Amino acid sequence: MHCLLISEHPVQVLFFASFSEKMVRKNSRVSVRSMLTAISSKPVGSGKTHPLSVLDHAMGLHTVHVVFYYKNNPFGIFDVDPLRIALSEVLCLYPQVTGRLTRGESGNWLVKCHDAGVRVLRAKVEATMDEWLRSADGSEEKDLTFWEEIPEEPSTWSPFRVQVNEFEGGGVAFGLSCTHMNADPTSITLLFKSWIECHRQEPLEHPPLFSSTTLHHQQVPNTSTKPDNYYATKGNAETPSVKMVTATFKFSGSAIKKWLDEVHDQCAKATPFELLAALFWTRVAHLKAPKNDNKHSLSICLDFRRLVQPPISLGYFGNALHFSLLTLDEEEMDYGKLGHVVNMVHRHISNVGEEEVWSVVDWFESQKEEGGKYAQPFRMYGPELTCVSMEHMIIGHKSLMFPASFKSDEKPVHVSCHVGNVRGEGLIVVLPSVEEGLARTVMVTLPEEEMPKLCEDQAIQCLQPTMLIGGR
């Protein structure tokens, strides 16, 4: 191990490099060349801690991995590049990111904010970016966001990772990873965006908000609603382990508009997310074995920062996700009735409101053990098919998922979002697209045996998607 001292900045910034850890799996085209630890440029006050919320604890079985692909590499000389200084500066605003997990007196997780730093890895990819997007599969893409499971004693373990992946012929992918307990996809995306804004010397559009009271409210607790019963069922669900694979579908705005027009009579106010959620749900359902009750369920995951009053800042750092269940009879899932399914998804989402969101938070709080310890985490993504909406990241005509580059106005050519430890029927993530407008990207994770049939499904192919990260 050696340390590098960067002195070009008024506040000295230390980076420690280590090559002893196992970096990526065998035969990978991604090879990690160095690992550094970036600390904030201003020390954090001693003794500061940040307790994780009840919803943070509920996500404890999962991880989050977001990858931003840029055609041009903004890095110069890696070890002294000013982007590293910008990272250390922005980390001053994110003390919970540079801290370490520990248990409080009640046994609940909290972050000890002592500026132990963020792991930063630099890797080389043995392919051009175009080759990679055509030939890599979902498993290989995860090599762009190096991860290791949380150890039993995490006091020296970094819960956040940044991996800079340089492609042959130019191009770079920034892979950010963290435990889902620490942050949801919105939080980790805005952390990356804030890093860019700091380097460009622009004001942060969505500065981070860390508050242990944000998810507290003054209403009388309600712990007996239908969504709460659903969560109780999830806590007892068995999820057999099978190999899961991921494929990515990119849909143009014109294709989405055409199909929104097709279902207009059944659902005039349908959104791209509702259309794609219904389409993939019906198609995946046809791949599954018949169920005894002849019903199909979809767990819909929404960000609730803007669903409650007063709205929670988009910069709230943590988890603000609401899962709710929509169940339809098998006969309703026929592709010929896609407009009906779109309408049912639309009605379900429209009925998710503040009362339902807070009732779920109350239910989780009511599950505390004696002494105030939160219940064991659930497998939130599973066992039923789960569909995640990132529509809230589109504000007006602008997508927050596609921030400008560090040194130009170049936007990412692609953004991926993976959730770790998905089991059960699978996961669908609907993301904004670089094309903006109605265009969307859909990432689907399914049991390996089902994916080839989904990729060849004629109903999906009617929308003429571009396939990415689908394997050679």
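Two strands count as paired if DSSP finds at least two bridges between them. In this predicted model, an open sheet of 3 strands runs in the order β4-β7-β6, with antiparallel pairing. An open sheet of 6 strands has mixed pairing.

- Strand β7 (residues 109–112) runs antiparallel to β4, and 3 bridges join the two.
- Within β7, V111 is the bridge partner of H50.

**The 6-strand sheet**
- The strand order in this open sheet is β3-β8-β9-β10-β5-β17.
- Its edges are β3 (30–38) and β17 (414–420); because each has a single partner strand, one side of each is left without a neighbour in the sheet.
- Neighbouring strands here are turned by 15° against each other on average, direction ignored.
- The pairing of β5 (residues 63–70) with β17 is antiparallel and extends over 7 bridges.
- For Y69, the bridge partner in β17 is H414.
- Helix α5 (residues 185–199) packs on this sheet, where it touches β5, β9 (160–167), β10 (172–179) and β17.
- The direction of α5 makes about 40° with that of β5.

**H346 and its surroundings**
- Helix α9 (residues 338–350) contains H346.
- With a relative accessible area of 16%, H346 falls under the 20% cut-off and is therefore buried.
- Leaving aside neighbours within four places in sequence, H346 is in contact with C267, K269, A270 and E274.
- A277 is 69 residues from H346 along the chain, and the C-alpha atoms of the two are separated by 9.8 Å.

**Nonpolar cores**
- The largest nonpolar core has 70 residues.
- Within this core, the residues touching the most other members are F174, F192, W195, F364 and Y381.
- Another core, of 46 residues, lies apart from the largest one; among its residues are V245, L260, L338 and L385.

How values were computed:
Residues are numbered from 1 along each chain as its sequence is written. This is a predicted model: local features need pLDDT of at least 70, side-chain atom pairs count only at pLDDT 80 or more; totals for chains, interfaces and linings use all residues. Side-chain values use heavy atoms; hydrogens and water are left out. Helices (H or I, at least four residues) and strands (E, at least two) are DSSP runs, numbered from the N terminus. Axes are lines fitted to C-alpha atoms, for helices over the stretch in contact, and angles run from 0 to 180 degrees between N-to-C directions. Contact means heavy atoms within 4.5 Å. Buried means under 20% relative accessible area, exposed over 50%, partly exposed in between (1.4 Å probe, protein chains only). A nonpolar core is a set of buried Ala, Val, Leu, Ile, Met, Phe, Trp, Tyr and Cys residues joined through side-chain atoms within 4.5 Å.
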